[in-house]
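The sequence and the model are shown first.

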Amino acid sequence: MTPRGGHSGRGRRALRVKVRSAKGRKTASTRWLSRHFNDPYVHRARAEGYRSRAAYKIMEIDDRFRFLGAGARVLDLGSAPGGWVQVAVDRVNALGSEHGKRKGAVFGLDLHPVEPVPGAEFLQMDFLEAGCGDVIVRRFGGEFDVVMSDMAPSFSGERRTDQLRFIALNEAVADFALGVLVPGGAMILKVLAGGAQSGLQARLKSGFRRVRTVKPPSSRQDSSEMFVVASGFRAEGRGSVD
């Protein structure tokens, strides 16, 4: 993707925004707004034309693990607002703009509508809805080089319940991915630190050659989110996660 305005947004000091408390607004909301408006990645995303600061998370993960290669077929689960898709379109050459390189394809799914991204195709549907996997395969085909998920369940505020919901969601993604990835493919999952992910990781290790957990620099330090990167899908492991 070509940065808007032809610059990266780096090296410039942004003015700090002070968010005042408002009647009816919780203190936590005021803190979140202040952090958001003063976040350098938020400023950078706006300057470079990305829809969310999350775009830099997948950039940093891919810079390290190199799974978004030209010609790759990518499925992004939980696409809204589209930051990850924007990065994938650029890196897999989905627009075919880099002559001499294979043209990739990017597909996204989200419960909410996503504004169109040139080079990508979207499906609006709940991933956990019965039959969603079959709809994806019929619509986009059944073989992907990369399945990536930035999805998170609705949080209840009860830590143990939220952890279990997150694990259940990621297990559903893993179930699906092991049925549609090509040999050597990769999967990226958002997880919670300390969220009892060891069982899921053990299952992934039987289906992939390498499974690592990372926290990209752009992930807020006070956030418990981390990302599992499973690469080198073993074709013989297809369907082994149940």
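Tyr41, Tyr50 and Tyr56 are linked by ring pairs into a cluster. Rings of Phe, Tyr and Trp (its six-membered ring) pair if their centres lie within 6.5 Å; planes under 30 degrees apart count as stacked, over 60 as edge-to-face and the rest as tilted. The model is predicted: local features need pLDDT of at least 70 and side-chain atom pairs count only at pLDDT 80 or more, while totals for chains, interfaces and linings use all residues. Residues are numbered from 1 along each chain as its sequence is written, and side-chain values use heavy atoms, with hydrogens and water left out.

Tyr41 belongs to helix H2 (residues 40–48), where it is buried together with Val42, Arg44, Ala45, Ala47 and Glu48. Buried means under 20% relative accessible area, exposed over 50% and partly exposed in between (1.4 Å probe, protein chains only). Helices (H or I, at least four residues) and strands (E, at least two) are DSSP runs, numbered from the N terminus. After H2 comes Gly49, which has a positive phi near 85°.

The structure holds 7 aromatic pairs. Among them is the pair of Phe107 and Phe144, which is edge-to-face because the ring planes stand at 75°, with the centres 6.0 Å apart. This pair links distant parts of the chain: Phe107 lies in strand E2 (residues 105–110) and Phe144 in strand E4 (residues 144–149), 37 residues apart.

Phe208 and Phe233 form a tilted pair, with 5.5 Å from centre to centre and 55° between the planes. Distant parts of the chain are again linked, since Phe208 is in strand E6 (residues 208–214) and Phe233 in strand E7 (residues 225–233), 25 residues apart.

| Residue | Relative accessible area | Class |
|---|---|---|
| Phe107 | 8% | buried |
| Phe144 | 0% | buried |
| Phe208 | 1% | buried |
| Phe233 | 1% | buried |

Strand E7 also contains Ser231. With a relative accessible area of 16%, Ser231 is buried. Neighbours within four places in sequence aside, Ser231 is in contact (heavy atoms within 4.5 Å) with Gly185, Ala186, Phe208, Arg209 and Arg210. The C-alpha atoms of Ser231 and Arg210 are separated by 5.4 Å, although the two residues are 21 residues apart along the chain.
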